[in-house]
Amino acid sequence: MAKITYIEHDGTEHAIEVKAGLTVMEGAVKNNVPGIDADCGGACACATCHVYVDDAWLGKTGDKSAMEESMLDFAENVEPNSRLSCQIKVSDALDGLVVRLPESQH
């Protein structure tokens, strides 16, 4: 299990224990974290699970695939630390991960 902190655009924090093997998006959806829409269910076919990964964690969350880069083109306010949370696999190494949610997923 990894403790992941999801921070809504307004600053509201949700610290969630997420089982290894799930994605950051699945952890949010299973725990009703507002701001992660996940319209495609985690198939990397939309951009409604967009998050900003805190800089200290960028090296631990893996590289963006070409498909993820392409889908991020559909997200608003993309930053260098933008990721699709459906593409970040949770492991014990991500214990303490902090992700921030954009103001809107649409």
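The side chains of E68 and R83 meet in a salt bridge at 2.7 Å, N to O, where a salt bridge is a side-chain nitrogen of Lys or Arg within 4 Å of a carboxyl oxygen of Asp or Glu. E68 lies in helix α2 and R83 in strand β4, so the pair ties together parts that are 15 residues apart in sequence. The model is a predicted one, in which local features need pLDDT of at least 70 and side-chain atom pairs count only at pLDDT 80 or more, while totals for chains, interfaces and linings use all residues. Residues are numbered from 1 along each chain as its sequence is written, and side-chain values use heavy atoms, with hydrogens and water left out.

**Salt bridges and their surroundings**

- E68 is buried, with a relative accessible area of 1%, and R83 is likewise counted as buried at 2% (buried means under 20% relative accessible area, exposed over 50% and partly exposed in between, with a 1.4 Å probe and protein chains only).
- The structure holds two salt bridges, and one of them joins the side chains of D54 and R100 at 3.2 Å, N to O.
- Because D54 lies in the loop between β3 and α2 (66-72) and R100 in strand β5 (residues 98-100), this pair ties together parts that are 46 residues apart in sequence.
- R100 counts as partly exposed, at 38% relative accessibility.

**The sheet**

- Five strands form an open sheet of mixed pairing in the order β2-β1-β5-β3-β4, where helices (H or I, at least four residues) and strands (E, at least two) are DSSP runs numbered from the N terminus, and two strands pair if DSSP finds at least two bridges between them.
- The edge strands, each pairing on one side only, are β2 (13-18) and β4 (82-84).
- Strand β1 (residues 2-7) pairs with β2 in the antiparallel sense over six bridges, and Y6 has H14 as its bridge partner in β2.
- In the hairpin of β1 and β2, five residues stand between the strands, and G11 takes a positive phi near 100 degrees.
- Strand β3 (residues 50-53) runs antiparallel to β4 and is joined to β4 by three bridges, with L84 in β4 as the bridge partner of H50.

**Aromatic rings**

- K60 lies over the face of W57, at 4.9 Å from the ring centre; a charge sits over a ring if NZ of Lys or CZ of Arg is within 6 Å of the ring centre and within 35 degrees of the ring normal.
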